[in-house]
Amino acid sequence: MKYDFPITRTHEPKEKPNPDNLEFGTIFTDHMFIMNYDSEAGWYDGRIVPYGPIHMEPAAAVLHYAQTMFEGLKTYRAKDGAIRLFRPDMNAKRTNITNDRLCIPLIDGELFVDAIKQLVNVERDWVPNKDGTSLYIRPFIFATEPFLGVRPAKQYTFAIILSPVGSYYKGGLTPTRIFVENEYARSVVGGTGEAKVGGNYASGLKSQEKAHSMGFSQVLWLDGAERKYVEEIGTSNAFFVIDGEVFTAPLTGTILPGITRDSVLTILRDWGVPVREERFTIDSIFEAYGAGKLSEVFASGTATVISPVGDMRWKDREIQINKGDIGALSKRLYNEITGIQTGELPDKYGWTVEV
Ligand SMILES: *Cc1c(COP(=O)(O)O)cnc(C)c1O
C-alpha cells in the first residue's frame with residue numbers, strides 16, 4: 001500500500017448479513033473512503049471513516065447540474081481465502097475518461113486503486129464466502145461547491161462505499177426478456193454515452209419502467225439518431241452470435257466501454273471465435289433469426305457478468321432465442337470469467353489483484 005490514509009474505526013460495527021439472502025446494493029459495510037478536492041489544494045485528505053451520511057450544502061453543484069460520476073467493480077473471496085479484485089486499473093482508467101468528459105479533475109490511477117485496496121482490507125470480514133456472492137465496490141465523485149452558476153465546480157468529494165451482494169441469478173443463469181426501445185434514446189453522438197455518469201441512468205428510467213410494465217426485464221437501446229443500429233442492453237454491453245460469429249457494437253462514443261465487454265472479447269479471440277466489432281442493425285438481427293442463424297444473445301456487465309437473453313420484442317415482432325435457454329457460448333464465457341474472478345481458474349491474463 002503506497003498511500004498513508006488515516007483510518008477512523010467505527011464504535012458500532014453492524015452485524016454481517018446472512019449470505020443466503022443477499023440482494024444487490026441494499027446493505028453497506030462499516031467504513032467508507034472519502035477524499036476532497038479543492039482547485040487550490042488539488043486532491044487532499046484521503047481517509048477511511050465510519051460509513052454514514054455526507055454533509056453538503058443545498059447549493060452543492062451536483063444537486064443542480066449533475067456533475068457526478070461513478071464506477072463499479074467487485075471483489076471475491078477465493079476458496080483459499082484470498083481476496084481478489086478484477087481489473088481495477090481499468091476502472092481507474094475509465095474514471096478519468098468520465099472525469100474528463102464532465103470537467104471533473106482527474107485522479108491518479110494508482111491512488112484510486114490503492115484507496116479501494118485499503119478500504120477492502122479494512123472490511124475483509126465483509127467479503128462473503130458463499131458461492132456466487134461478492135463485495136460490490138462503488139467509487140464515485142461529485143461536485144460539492146456551493147454555487148449556482150454553470151461552470152465546472154471548484155470543490156469535489158471522491159467516495160468509495162462497499163456492499164455485499166448475492167448471486168445475480170438465484171437458481172442459475174436465467175434468460176431475460178428484452179424490449180427493443182423505439183421511442184427513447186440512451187445516448188447520442190457527442191453526448192455522454194461513453195462516460196459512466198448518473199445522468200445516463202436517470203434518463204433511462206422512463207424506458208425501463210415502460211419495459212417493466214409490459215413484462216420485460218430490460219430494454220435494448222438503438223442508436224439515438226436513426227433508431228436502427230444496436231447499441232446496448234439496459235446498462236450492459238450487448239452481444240449477438242450469428243452463424244458462429246460474435247457481433248458487438250464498436251466503441252465509437254455512444255457505447256460505454258465495459259470492462260466485462262473487453263474481457264469477453266479478449267477471451268473469445270483467444271478461443272479463436274470470430275469477433276466483429278462493427279455497427280449492425282436491429283433489422284439484420286431479426287433477419288438472421290428468420291434465417292435460423294441467430295443462436296445466442298447475451299449482455300455483459302460487472303453485476304451479472306453474462307446475462308443471456310431468452311426473448312426479444314421489436315415493435316410487433318417477438319422472437320425466442322435458443323428456445324429461451326442459455327446458449328453454450330454464453331455459459332462457457334460465464335464460467336471462464338467467474339472462474340478467473342474467484343481464483344478457481346488460472347489467471348492467464350493477469351487480471352486479478354490480490355488485496
Ligand atoms: C457500467 C456499464 C456497462 C458495463 O461495464 P462493466 O465495466 O462491464 O461493468 C455497460 N453499459 C453501461 C451503460 C454501463 O453503465
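Between domain 1 and domain 2 the count is one salt bridge. That term means a side-chain nitrogen of Lys or Arg within 4 Å of a carboxyl oxygen of Asp or Glu. Asp262 and Arg87 form a salt bridge through their side chains, at 2.9 Å, N to O.

Ground rules. This is a predicted model, where local features need pLDDT of at least 70, side-chain atom pairs count only at pLDDT 80 or more, and totals for chains, interfaces and linings use all residues. Residues are numbered from 1 along each chain as its sequence is written, and side-chain values use heavy atoms, with hydrogens and water left out.

Now the domains. Domain 1 covers 19–166 and domain 2 covers 176–342; the bounds come from an automatic or database domain assignment. Their C-alpha centres lie 27 Å apart. The contact (heavy atoms within 4.5 Å) takes 21 residues from domain 1 and 20 residues from domain 2.

How much area do domain 1 and domain 2 bury between them? About 1800 Å², with 64% of it on carbon and sulfur atoms. Buried area here is the accessible area, 1.4 Å probe, that two parts lose on being put together, summed over both. On the domain 1 side, Phe70, Phe86 and Arg94 lose the most area to domain 2. Together they make up 34% of what that side buries.

That's the interface. Questions, please.
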